[in-house]
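Colleague: I have a protein model open and would like to go through it with you. Could we begin with one of the helices?

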Amino acid sequence: MRVLLSWLRELAPVPTDADAVAEALDDLGTPVEEMTRLGEGLEGIVVAEVLALRPHPRADRIQLVDVAVGAGDPLQICCGAFNMAVGDRVPLATLGTTMPGGMRIERRKLRGEWSNGMLCSPAELGLGDEQGGILVLAPDVPVGAPLRDALGLQADVLYDLEVNPNRPDAMSVAGAARDLAARFGVPFMLPAPEVTPSGDPASGAVTVEIADPDLCGRFTARVLRSVSVEASSPPWMQRRLTALGMRPINALVDISNYVMLELGQPNHPYDLALVGGGGFRVRRATPGEALVTLDGLERTLGVDDLLICDGHDVPIGIAGVMGGAACEISEATSDVVVEMAWFQPTAVSRTSRRLGLRTEASARFEKGCDPEVIDLAADRFCALAAEICGATVAPGSVDERGQLPERPPIRVRTARVNRLLGTDLTPARIRGLLEPIGFAITPVDGDQDVVVPPWRHDSTAEIDVVEEVARHHGYRNIPTRELTEPRIGGLTPRQHDRRAVRRLLTGLGLAECLPPPFLAPGQLERCHLPPGGIELVNPMVAEESVLRPSLLPGLVQAAAGNLARRIEDVALFEIGHVFLPPPPGQALPDEREHLAVVLARREAPAAVEVWQVLADRLALPEPAVVNAEVAGLHPTRSARTTVDGREVGVVGEVAPTVLATNGIDERLAWLEVDLGALLDGPRRPRTYRPVSRFPASDVDLAFEVPDAISAIAIERTIAAASDLVWSVRLFDVYRGPPVTGGCRSLAYAVRLQAPDRTLTDADVGEVRSVAIAAVESAYGATLRG
C-alpha cells in the first residue's frame with residue numbers, strides 16, 4: 001500500500017518531517033519498505049511538443065521523434081515508446097539533466113541516429129511505476145515550460161508500506177492517517193463531502209436483491225445522471241493516482257480509484273442503460289456459468305463464486321473481484337449507477353485465487369472492508385462526480401442488507417494486558433490508546449469491555465486488543481527482560497524410542513526416504529492394495545488426491561526410481577503417517593504412524609531379520625511372524641508380524657505383479673509395522689547373561705519344512721531345546737528339487753556354549769538330537785542330509 005505525505009496531512013496534521021512519519025509507521029506495524037521524495041530532481045526537464053514521428057532506419061523497436069521546446073530548431077529524439085502522437089505534449093529531459101534515478105542525459109547515437117535528450121515515462125520521473133510508455137501531458141500545457149511548473153508539482157514524500165493480513169484498515173490512506181493521528185496526538189478528520197441531490201429518486205431507477213445474504217452483507221446503489229464521461233480528472237487527482245501506482249484513464253474511473261485508495265472502499269460504476277431490468281441481484285453462480293470480465297477474458301464460475309447479476313439475472317460482475325464487460329462505461333454513457341458493497345472476505349479470496357485474478361478491489365475485500373464507510377464513500381464519489389463530471393445526483397440510495405459480522409463486546413483485563421506486555425498500564429492509559437483508533441471502551445471494575453470498530457473485524461479476541469494496545473503504546477516502550485525457565489527441556493520416552501529406531505535403521509545401512517503422503521487415483525490398485533482410499537476435497541493437484549493407507553506405493557515408487565538409474569542394492573526406510581477409514585463414531589480418518597523398509601535384490605528373510613533386530617532393540621514381548629497372504633505381497637512369501645499375539649504389521653516380498661507394474665525386475669523385501677502401536681505397547685524386561693570364557697561349538701541344521709511354517713517358529717524351537725544353545729541364525733532358504741513341492745529348505749547355524757566348561761562331543765550330540773526331535777515333532781519337518 002502506498003500513501004503520500006501530503007494526502008495523509010489532509011486527514012491528520014502529522015509532522016512534515018518525513019523521517020519522523022516513517023519511523024512512526026514502522027513502530028505502528030506498517031513498515032516502510034521504501035520512501036521516495038517526489039518533485040525533486042526534475043531540473044532540466046521541460047514540456048516538448050511532438051512534431052513528427054518516423055521509423056528508425058536500422059531498429060524496429062525505436063522510432064525517431066522530432067520535438068519542439070520553444071524557440072530554436074526541432075530536436076531529434078530516439079525513443080522506444082510508441083504511445084504518443086503528433087501534437088502531444090510530453091516531458092523532455094534535456095542534455096545535461098540528471099534524472100531522479102541518477103542517470104545523466106548526454107547526446108548519444110543509437111544505431112547510427114543522434115538522440116538529443118530523452119522523453120520520459122512516469123517511472124523515470126519518479127511519479128509512479130506506470131510502464132505504459134511516455135507520460136502524455138494535457139494539451140494546454142505550455143511548450144518549453146519546466147515540467148514541475150506545468151504539472152504544479154510540489155515536494156512530497158511517497159511511502160510504500162508493508163500491510164499484513166491482520167491490518168485491513170491499513171489498506172487506505174484514511175486508515176494510515178488514523179493510526180498516525182493517534183500516535184502524534186493530532187485530530188483525525190475524514191472527508192465531509194457535500195452532495196446536492198435533484199431529480200427522481202434512485203429507488204425509482206434501480207432495485208437490489210441479495211439472494212445469498214451469507215456472502216453479501218450489504219449492497220448499495222447510487223444513481224448519477226447526465227455524466228460527462230469524456231471529462232478528464234484534474235491534474236492533482238491524476239498525480240496522486242499515478243504516484244500510488246494507478247494509471248489515470250478518465251474522470252469517472254479515476255474518481256472510483258481515488259475513493260477506494262482514500263477510504264478503502266472498492267466500488268464499481270455501471271452504465272445504467274445497460275443494466276438489464278434496471279436492478280441488481282447478488283447470488284451464487286451455477287456450475288459452469290460464464291462471464292466476460294472487463295479484461296476481455298471469459299471466466300467460468302462455480303457454486304463457491306458470488307455473482308452480481310442484473311434484473312434479468314444475467315451475470316454482469318464477479319463480486320469483489322472484477323466487473324463484467326457487458327455494462328462497461330463508454331463514451332455513450334450518460335446515466336451511471338455506482339455499486340458499493342460488503343462481501344464475505346473468504347469467499348472473495350477463494351474466487352480470486354481459483355480464477356488467478358487478483359485486483360485492487362479483491363485485495364481489500366479479502367482482508368475485510370468497513371461496511372459502515374459505504375455511505376461516506378458513496379457521498380465522496382457523488383460529490384467528486386458532480387464537481388468533475390457535471391453529474392446530477394439522484395436523491396437517496398438503494399441499500400440492502402445481508403449478514404454482517406457481529407461485534408460483541410470483548411472483556412479486556414488490565415492485569416492480563418500488563419502480564420502479557422510486561423508493562424504497568426492503567427485502565428485510563430489503555431482507554432487513551434484505544435479510543436483514538438475507534439475502539440469503544442466501557443469501564444468494568446478496573447477492566448474494560450471493548451467494542452472493535454467495523455474496520456477492524458480481524459480483532460475478535462482479547463489478545464487482538466492487547467496487540468493494539470502494544471502497537472500504540474509503542475513496542476520500543478515495552479521494557480526488555482531476560483526470559484528464565486526453571487524447567488529443562490528434554491525428549492519424551494516416545495521421542496527417544498523414535499530416534500533410536502532411526503539410528504538403528506541407518507546403522508543397518510538403510511537410507512531414510514520421505515515420499516509424499518498423497519497418491520494418484522489408481523495407484524493403490526497398481527500395488528494390489530484395496531481401493532477406496534480417502535479422497536481429498538481440495539487437492540493441490542489432481543494427481544495427488546488420495547491419502548495413502550499404506551507406505552507401500554511410495555516406497556516401491558522410490559525404489560523403482562533408484563533402480564532405473566542403476567543404483568543397485570537400494571535399502572530405504574520411511575517413518576510416516578497413513579490414513580485409514582474412520583472407525584464408527586469418529587469423523588476424521590484413523591491416522592497412524594507406520595514404519596516401512598524396502599530392500600532391493602533381497603528376499604523375505606532379509607526383511608524378517610530387520611524385524612527381529614527392531615523387536616530386540618525395542619524389547620518387544622514375544623515378537624513373531626505368522627505366515628499369511630497379504631495384499632500387495634508375494635502370495636507364498638508373506639506373513640504378518642505379531643507382538644505378544646497382537647498383529648502389528650506385515651513382512652515378506654513385494655508381489656511380482658506389483659514389481660512388473662512399476663517396472664522393477666528385481667526382488668523387493670518388504671516390512672511395514674505400526675510404529676505407534678510398537679512404541680505405545682508393552683516392553684519385556686531386558687535380561688543379560690555373562691559371556692562364557694569357554695570355546696563354542698557350531699552346528700548346522702537344515703530342515704525340509706512346509707511353506708506354511710514360519711522360519712522364526714523353528715528358530716525359537718531350536719533355541720528352546722537346551723540352555724546350551726547360545727544363538728540360532730537362519731542362513732539359507734532353498735526351494736526346488738529335491739525339496740518336496742509346497743515345502744522349502746531352511747538351514748540354521750546353531751552355536752552351542754556352556755558358561756562353565758568346554759562342551760564335549762557327547763554334549764553337542766545330545767543337544768543336536770533334542771533340537772532335531774523338537775522341530776520334527778512340532779512341525780512335521782524332515783532333517784536334510
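Colleague: How many residues does helix H20 have, and how far does it reach?

Modeller: This is a predicted model. In it, helix H20 covers residues 761-779, which is 19 residues. From its first C-alpha to its last it reaches 27 Å, close to the 27 Å expected at 1.5 Å a residue.

Colleague: Which residues of H20 are buried?

Modeller: They are Asp763, Val764, Val767, Ala771, Ile772 and Val775. These residues cover an arc of only 160° around the axis, so they lie on the same side of H20. An α-helix has 3.6 residues a turn, so residues three or four places apart point the same way.

Colleague: And which residues are exposed on the other side of H20?

Modeller: Asp761, Ala762, Glu766 and Ser777 are exposed there.

Colleague: What covers the buried residues of H20?

Modeller: The cover includes helix H19 (711-719) and the strands E35 (697-706), E36 (725-734), E37 (743-752) and E38 (782-783). Just after H20, Gly780 takes a positive phi of about 70°.

Colleague: Changing topic, which residues have the most contacts inside the largest nonpolar core?

Modeller: Tyr159, Leu224, Ile255 and Phe381 do, in a core of 65 residues. Helix H9 (residues 374-389) gives the most to this core, with ten residues. Apart from it lies another core, of 40 residues, including Ala202, Ile210, Leu272 and Val275.

Colleague: What is Ile255 in contact with?

Modeller: Leaving aside neighbours within four places in sequence, Ile255 is in contact with Met237, Phe381, Leu384, Ala385, Ile388 and Cys389.

Colleague: You mention Cys389. How many disulfides are there?

Modeller: The count comes to zero disulfides. For Cys389, the nearest cysteine sulfur is that of Cys382, 11 Å away, whereas a disulfide needs the two sulfur atoms within 2.5 Å. Cys389 is buried, with a relative accessible area of 3%.

Colleague: And Cys216, is that residue buried or exposed?

Modeller: Cys216 is buried, with a relative accessible area of 0%. Cys216 is in no disulfide either, as the nearest cysteine sulfur, that of Cys309, is 12 Å away.

Colleague: One last topic: what is the strand order in the open sheet of five strands?

Modeller: The order is E11-E14-E17-E18-E19, with mixed pairing. Strands E11 (207-210) and E19 (322-323) stand at the edges with a single partner strand each, so one side of each is left without a neighbour in the sheet.

Colleague: How do E14 and E17 pair?

Modeller: Strand E14 (residues 279-284) and strand E17 (residues 306-310) pair in the antiparallel sense over five bridges. The bridge partner of Val282 in E17 is Ile308.

Conventions:
Residues numbered from 1 in each chain as written. Predicted model: local features only at pLDDT ≥ 70, side-chain atom pairs only at ≥ 80, totals over all residues. Heavy atoms only, no water. Core = buried A, V, L, I, M, F, W, Y, C linked by side-chain atoms within 4.5 Å. Buried < 20%, exposed > 50% of the residue type's maximum accessible area, 1.4 Å probe, protein only. Helix = DSSP H or I, 4+ residues; strand = E, 2+ residues; numbered from the N terminus. Contact = heavy atoms within 4.5 Å. Pairing = 2+ DSSP bridges. Expected span 1.5 Å × (residues − 1). Arc of directions from axis to C-beta.
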